[in-house]
Amino acid sequence: MSDDEQRGRRPASVHRVGGPLGDLQAPRGGPVAPRRRADAVRNRAQILAAAERLFGEQDPRTVTMDRIAKAAGVGRATLYRSFPDPPSVAVALLDEHERLLQEQLVHGSPPLGPGAPAAERLSAFYLAMLDLLERHLPLALGAEVGPDRYTTGAYGFWRVHVRTLLVDGGVPDPDAAVDIALAPLAPELYRFQRHKLGISRDRIGASLTSLARRLLAPPPTG
């Protein structure tokens, strides 16, 4: 595994939503009471389940903290102790799906994991990301719309991974090329292609596979 990939790894969750979760607020001078810890876990589960329904039922951009709190049956104060805004809730929902993919990139079998040529690994990564978008597009839209997409922990991980492949494939300027290589995976673009233009997931995948091969084609010899 390359130094870049090692630096891109995180020991636990991909995303950091910040702050103590729910009611995990220890009283001064003493430990957190077990009942309060259990309440925090239950509240978090209710919030995430309700938010996932809302993100799937309506335009993610219209989901508000008030709607999440009402759907989860918790107070606004409880919700805000856990999450600062709707995108951070979507980030938490996406976290597990993205973490599993990251594990495959680092420790999985080739071509998604180490051991395959750079072009094959990039193609496998594209197809795996399309699968994630196909299954969890509402969450991706809620978490990563607009410029905030580039500040998420997941995007940082994808960027390290793809840059490593570009370096391995001999791309002249990987720092400039990496974001261009990731641009086709923007959730807004995937929604436009799939749901506005009606392009199938398989056609998008075939196009990205072709892009990976051209981007990382071996230099001509002779």
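The legends below describe close-up views of a predicted model. Residues are numbered from 1 along each chain as its sequence is written, and side-chain values use heavy atoms, with hydrogens and water left out. Because the model is predicted, local features need pLDDT of at least 70 and side-chain atom pairs count only at pLDDT 80 or more, whereas totals for chains, interfaces and linings use all residues.

**View 1. The buried residues of helix H8 (residues 174-182).** Helices are DSSP runs of H or I with at least four residues, numbered from the N terminus. Pro174, Ala177, Val178, Ala181 and Leu182 are the buried residues of H8, where buried means under 20% relative accessible area, exposed over 50% and partly exposed in between (1.4 Å probe, protein chains only). Seen down the axis of H8, these buried residues fall within an arc of 130 degrees and so line one face of the helix, the arc being that of the directions from the helix axis to the C-beta atoms. An α-helix has 3.6 residues a turn, so residues three or four places apart point the same way.

**View 2. Arginine 135 in helix H6 (residues 118-144).** Arginine 135 is exposed, with a relative accessible area of 56%. Histidine 97 is 38 residues from arginine 135 in sequence, and their C-alpha atoms are 9.9 Å apart in space.

**View 3. Serine 210 in helix H10 (residues 201-215).** With a relative accessible area of 30%, serine 210 is partly exposed. Its C-alpha atom is separated by 8.1 Å from that of serine 123, which is 87 residues away along the chain.

Terms used. Helices (H or I, at least four residues) and strands (E, at least two) are DSSP runs, numbered from the N terminus.
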